[in-house]
Amino acid sequence: MSLTLYGHPFASYCWKPTIALYENDTPFTFHVIDLGDAASTAELERLWPFKKFPVLVDGEKSIIESSIIIEYLDLHHPGSARLVPVDATDALDVRFADRFFDNYVHTPVQAIVADALRGEKRDADAVVRARASLDTAYAWLERRMEEREWVAGDSFSLADCSAAPALFYADWVHRIGDAFPKVRAYRDRLNARPSVARVIDEARPYRHFFPLGAPDRD
């Protein structure tokens, strides 16, 4: 059965499963959802009433949430690169790192972006808190990456699929400074990986949507 991923090329959470699909050269169709179009939004709503993407459709089955999609692919459409380790303890570390990037990097990034979209109803205190959270996350990650190439285990995994979009956009909203050279080097490795570089390139036409102004780098 063919796989269809519903989402948008510029959406950070859609990058996660797209990277996983590219890592294993898994055939799929990317179906772009335009939330500004009523028909497109209704199509997404039929799959998931919360109207959130990504959604992976495999035959008659819809799989929701980016991390679950990657776990599903590992189970039902495995490739040469396993993204969740077989060993239960190793798998826990991968899942922990995935949750770290979603909760402690992605979440404050989205808070800063959301504030920029509010127009006059800005919340400066919320932005200060989000930036402080990112500084804490960078410091923690700097220590973790001291002797590591990838964030969990010896090979590229679900955790790195999560890290790539989180750190990509985090550096846009709150620059990863010189105090965090290991984090910067890790972000560079992620961006250079073919599966990640591909999603970065596919998102380039949409950079004008970024409310804070997309930088010329990357």
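Me: How do the residues in the lining of the second largest cavity divide by class?
Reply: In this predicted model, where local features need pLDDT of at least 70, side-chain atom pairs count only at pLDDT 80 or more and totals for chains, interfaces and linings use all residues, that lining has five nonpolar, three polar and no charged residues. Ala, Val, Leu, Ile, Met, Phe, Trp, Tyr, Cys and Pro count as nonpolar, Asp, Glu, Lys and Arg as charged, and the others, Gly among them, as polar.

Me: OK, and which residues line the second largest cavity?
Reply: They are Ala20, Leu21, Asn24, Thr26, Ile70, Leu73, His77 and Leu83, numbered from 1 along each chain as its sequence is written, and side-chain values use heavy atoms, with hydrogens and water left out. A cavity here is a set of points, on a 1 Å grid over the protein atoms alone, where a 1.4 Å probe fits but cannot get out, and lining residues have an atom within 4 Å of a point.

Me: Which helices supply at least two residues each there?
Reply: Helix H1 and helix H3, which spans 66–76, each supply at least two residues of that lining; helices (H or I, at least four residues) and strands (E, at least two) are DSSP runs numbered from the N terminus.

Me: What about the largest cavity, what lines it?
Reply: The largest cavity is lined by His8, Pro9, Cys14, Trp15, Thr18, Phe30, Val199 and Glu202. Helix H1 (12–23) and helix H8 (194–203) are the elements that give two or more residues to this lining, and H1 provides the largest share, three residues. By class, the lining of the largest cavity holds five nonpolar, two polar and one charged.

Me: Staying with H1, is Ser12 buried or exposed?
Reply: Ser12, which has its place in helix H1, is buried, with a relative accessible area of 14% (buried means under 20%, exposed over 50% and partly exposed in between, with a 1.4 Å probe and protein chains only). Leaving aside neighbours within four places in sequence, Ser12 is in contact, meaning heavy atoms within 4.5 Å, with His106, Gln110, Pro165 and Tyr169.

Me: Switching topic, where is Asp115, and what is it in contact with beyond its neighbours within four places in sequence?
Reply: Asp115 lies in helix H4, residues 88–116, and counts as buried at 3% relative accessibility. With those sequence neighbours set aside, Asp115 is in contact with Arg122, Asp123 and Val127. Asp115 and Leu212 are 97 residues apart in sequence, while their C-alpha atoms are 9.9 Å apart in space.

Me: Which residues of H5 and H7 meet?
Reply: Tyr138, Leu141 and Glu142 in H5 meet Pro181, Lys182, Val183 and Tyr186 in H7, and this contact of H5 with H7 has five nonpolar, no polar and two charged residues.

Me: Now the backbone: which peptide bond is cis?
Reply: The bond from Phe53 to Pro54 is cis, with omega near 15°, and Pro54 is found in the loop between helix H2 (38–47) and strand E3 (55–58).

Me: And what is phi at Glu65 and at Asp218?
Reply: Phi of Glu65 is near 80°, a positive value in a residue other than glycine, and Glu65 has its place in the loop between strand E4 (61–64) and H3. For Asp218, also a residue other than glycine, phi is positive too, near 65°.

Me: Where does Asp218 sit, and how exposed is it?
Reply: Asp218 is found in the segment after H8 and is partly exposed, with a relative accessible area of 27%.

Conventions
1 Å grid on protein atoms, 1.4 Å probe; cavity = no way out; pocket = protein on both sides within 12 Å on 5 of 7 lines; lining within 4 Å.
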